[in-house]
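Visitor: I have the sequence and the model open. Please show me how to read its features one at a time.

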Amino acid sequence: MEHKGLLQSDDLYKYILETNVYPHEPEPLKEIRALTASHQKFFMGSSPDGGQMVEMLLKLIDAKKTLEIGVFTGYSLLLTALTIPEDGKIVAIDINREFYEIGRPTIQKAGIEHKIEFIESDAIRALNKLLEDPNNKGSFDYVFVDADKINYLNYHEKVINLVKVNGIIVYDNTLWYGTVAKSEDSVPEVFKEVRNSILKFNKALVDDTRVKIVTAPLGDGITICRRLY
Ligand code: SAM
Ligand code: CA
């Protein structure tokens, strides 16, 4: 479990990042990455290669109204805010505002804070509140889910009603350090609970007729879902 990425080859991952990802990564995102690298929970930060895919998706679907669950220091939040148009919006939920405050000066400097509505809350509570407003139902172009993994199925049942038909939901870490393909016995204790939840979640998504999915082995695995009806 030493290697964070899925390729299990530091050299290959380094090659991809240095050749294809870092040259086009905006400066403010590099800054957030640098800030996060010295944080005790640095491993929670999003992978820039997954981010590059998200940027492409946001542009392709011309996303304007977006939602994020799990902000941490703000890499994926800033990426989304930089990519959506000037009048775009991102509702960002995290249970811990302190993490967000670490990246906030960078976000302010980047001139995109007006697009962000940060909600400090447990995600289920915040999602229930969003769903109380009929204007929110089926209205989001894009949702990024990256908070507590054991709740992914619960989040799915909420966000499927918030995203519009043909809108996109991206789930991060759906290959959980590659443990989904390992036997339970061989997986270190610390990975087991989430691994088992992710296994159930991945299976449930495949069986869910409301979405069409693709799993990309970028970062720690991202699953892209398009709402069909
Ligand atoms: N997307 C972030 C990025 O780009 O760096 C990484 C998110 S990090 C993996 C997960 C975040 O989820 C943490 O900031 C944590 O505070 C938040 N979180 C954990 N449980 C939560 C919950 N029940 N509701 C809302 N946020 C939660
Ligand atoms: Ca993540």
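Visitor: Which residues of helix 7 are buried?

Guide: A residue is buried if 20 or more other C-beta atoms, placed from the backbone, lie within 10 Å of its own, exposed if 12 or fewer, and partly exposed in between. Helices (H or I, at least four residues) and strands (E, at least two) are DSSP runs, numbered from the N terminus. In helix 7 (residues 152-159), Tyr152, Tyr155, His156 and Val159 are buried. Viewed down the axis of helix 7, these buried residues fall within an arc of 105°, so they line one face of the helix. The arc is that of the directions from the helix axis to the C-beta atoms.

This is a predicted model: local features need pLDDT of at least 70, side-chain atom pairs count only at pLDDT 80 or more, and totals for chains, interfaces and linings use all residues. Residues are numbered from 1 along each chain as its sequence is written, while chains are lettered from A and ligands numbered from 1 in the order in which they are written.

Visitor: What do the buried residues of helix 7 pack against?

Guide: Contact means that the C-beta atoms of two residues, placed from the backbone, lie within 7 Å. The buried residues of helix 7 pack against strand 1 (65-69), helix 6 (123-132), strand 4 (140-145), strand 5 (163-172) and helix 8 (189-207). Helix 7 lies across strand 1, strand 4 and strand 5, and runs at about 170° to strand 4. Axes are lines fitted to C-alpha atoms, for helices over the stretch in contact, and angles run from 0 to 180 degrees between N-to-C directions.

Visitor: Which residues of helix 6 are buried, and what covers them?

Guide: The buried residues in helix 6 are Ala123, Ala126, Leu127 and Leu130. They cover an arc of only 100° around the axis, which puts them on the same side of helix 6. Arg125, Asn128 and Glu132 are exposed on the other side of helix 6. The cover over the buried residues includes strand 1, strand 2, strand 3 and helix 7.

Visitor: What is the strand order in the sheet?

Guide: Two strands pair if DSSP finds at least two bridges between them. Here an open sheet of 7 strands has the order 3-2-1-4-5-7-6, with mixed pairing. Strand 3 (116-120) and strand 6 (211-216) stand at the edges, each with a single partner strand, so one side of each is left without a neighbour in the sheet. From one strand to the next, the twist averages 15°.

Visitor: In which sense do strand 1 and strand 4 pair?

Guide: Strand 1 and strand 4 pair in the parallel sense over 4 bridges, and Glu68 has Phe144 in strand 4 as its bridge partner. Strand 5 and strand 7 (residues 222-227) pair in the antiparallel sense over 5 bridges, with Ile224 in strand 7 as the bridge partner of Val170. Strand 6 and strand 7 also pair in the antiparallel sense, over 6 bridges, and there Val214 stands opposite Ile224.

Visitor: How many residues lie between strand 6 and strand 7?

Guide: The two strands form a hairpin with 5 residues between them, and Gly219 in the turn has a positive phi of about 55°. Asp220 is in the loop between strand 6 and strand 7. With 19 other C-beta atoms within 10 Å, Asp220 is partly exposed. The C-alpha atoms of Asp220 and Trp176 are separated by 6.0 Å, although these residues are 44 residues apart along the chain.
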